[in-house]
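Hi,

Here is the structure I promised to pass on. Have a look at it first, and my notes follow below.

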Amino acid sequence: MQTEPSAPLVSMRGVDKIFFGGYANKGIDFDLRRGEIHALIGENGAGKTTLMNILAGIYSPDSGRITVDGREARFRSPRDAIEFGIGMVHQHFMLIPVLAVWENMLLGLRDVGFVLDLRSMVSKIRDMSERYAMPVDPEAYVWALSIGEQQRVEILKMLYRGTNVLILDEPTSVLTPQETRELFAALRKMTDAGHGIVIISHKIDEVMSIADRVTVLRKGERVCSVEARLTAREALAEMMVGRALKRVKKSGGGPPGRAVLSCRGLCARNDRGMASLSGVSFDLREGEILGVAGVAGNAQGELCEVLAGLRALDSGEIILNGQDISGRSAREFIKRGVSYIPVDRRETGLAPNMNLSENIALKRYWRKPAAVWKIFMDWKFISGLTAQLVDAFRIQAPSPGSPARNLSGGNLQKLMLARELSDAPLVILAMHPVWGLDVGAAEFVHERLLEERARGAGIMLVSEDLDELFEMSDRIMVMSGGKIMGIAERPQDVSREEIGMMMAGVPMRAAV
Ligand SMILES: Nc1ncnc2c1ncn2[C@@H]1O[C@H](COP(=O)(O)OP(=O)(O)OP(=O)(O)O)[C@@H](O)[C@H]1O
Ligand SMILES: [Mg+2]
């Protein structure tokens, strides 16, 4: 049977998915047209990733139908979905770092043939990367690539397999603004070539700029599917959270407090043993939010790790509350009130196989009141605290005993934030604290950070979102190439262009 030209490329009808007796997806209808970018949005835990995992053959639905190009599709594995031309790039990349780009692309291919024609494979990858303006060296090793490049490899891997439906789960959360623009330009080239693209995102401005249509999910159900150009951004935000959003307002800070954390001449190397932090000195004051601006990979991560006691210093001093604690263990930093919100919540932040209470206990199991006589754990206290935090941060979990890995991306982030912000810390090192959070949850976390600031904590907020930095920070420090390019004492007097220049490595003019 011939399909009509207007028939969707993909059609999902009445899709249900149940986990532990609860609906992650309930009766969802979803269409993807040829040549469109379709954004899928909704609160944390709304069921976005689950729905797309079903389309990509990772989960099978409990009921419902999927047709691709008019053909009934039943997937038992991602391989089956790829046969139908559907490929997904996950939030956490699935590349093997010790292999080259082309080797990663080879993995999982069905018909490699008896003799591998390496040269033609490499040149095919080069052609594709040029056609879609996604520069990658096919012979480079994946470990040596930036996050943005790894993402391009993941996308090219799918295109190489003949995918014409591409699903991207929060692809821009790990990208710099420049990389995001490049990604969007590449996506447009793909839709011009007739591909259909689904993009999951929490950033409404981005959704408005790239999507043709938008589908909103809430609590596992579809709220609506609309044309982006006919819809106001406020309306979308309201459909997502079911209420109007307020704007988080920072009240004027008091006079600058004393320094809670002083860094003098910090030098440290990165994971590859190369010089990274070079001679970083600054003070973090009581009751302030010090924004840290910089393009990803300019040693912001190394700085946080050094300040959390997780990375060795080559030289320099860290003075916390008047005491030199350079060279002490990470536990000592925690004990003295340093909280750390890392980027890779799955690896450094949380233990995926432990349940919620165990994850909450991770940073306290050796101290009062969680520990009794330093050897027994007071589980009653810990579960009480967990219940309180789950409630305050609105963490959605299939059940209190379920392992952290079953939480949605945003709920994992909330769990880590709940733990790190719950102990009245002296210093909070926050890297991209609202990554992966829906607008409502992001607003809540910003409010919580401002409460901690009002309580007197010194907060270092690392972000690539200049709007967030300008809204939240008392001062903005800019890093480039492992050095501080300048600290804007009064961000309201500094332009974005000046911050941008410093991010590009131009030191601040003396006057600011
Ligand atoms: N493998 C799993 N086992 C049990 N429950 C799961 C599993 N995967 C997802 N869930 C649950 O299904 C619900 C929907 O999760 P999903 O990951 O689809 O949300 P999401 O919309 O992608 O949220 P986020 O914006 O936080 O990424 C959540 O309550 C989650 O805990
Ligand atoms: Mg998700």
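Strands β14 (residues 315-320) and β15 run antiparallel and are joined by 2 bridges; two strands count as paired if DSSP finds at least two bridges between them. Helices (H or I, at least four residues) and strands (E, at least two) are DSSP runs, numbered from the N terminus. L320 has Q323 of β15 as its bridge partner.

Before going on, note that this is a predicted model: local features need pLDDT of at least 70, side-chain atom pairs count only at pLDDT 80 or more, and totals for chains, interfaces and linings use all residues. Residues are numbered from 1 along each chain as its sequence is written, while chains are lettered from A and ligands numbered from 1 in the order in which they are written.

The pair belongs to an open antiparallel sheet of 4 strands, ordered β12-β11-β14-β15. At its edges are β12 (275-285) and β15 (323-324), each pairing on one side only. Helix α9 (residues 300-307) packs on this sheet and touches β11 (259-269), β12 and β14; contact means C-beta atoms, placed from the backbone, within 7 Å.

Most residues other than glycine have a negative phi. D69, however, has a positive phi near 55°, and sits in the loop between β4 (63-68) and β5 (71-72). H432 is also not a glycine, yet its phi is positive, about 45°; its loop lies between β19 (427-431) and α15 (439-455).

Are these two buried or exposed? H432 is buried, because 21 other C-beta atoms lie within 10 Å, whereas D69 is partly exposed, with 16 C-beta neighbours inside 10 Å. The cut-offs are 20 or more other C-beta atoms within 10 Å for buried, 12 or fewer for exposed, and partly exposed in between, with C-beta atoms placed from the backbone.

Cheers

Note on methods: Contact = placed C-beta atoms within 7 Å. Axes fitted to C-alpha atoms, helices over the stretch in contact; angles between N-to-C directions.
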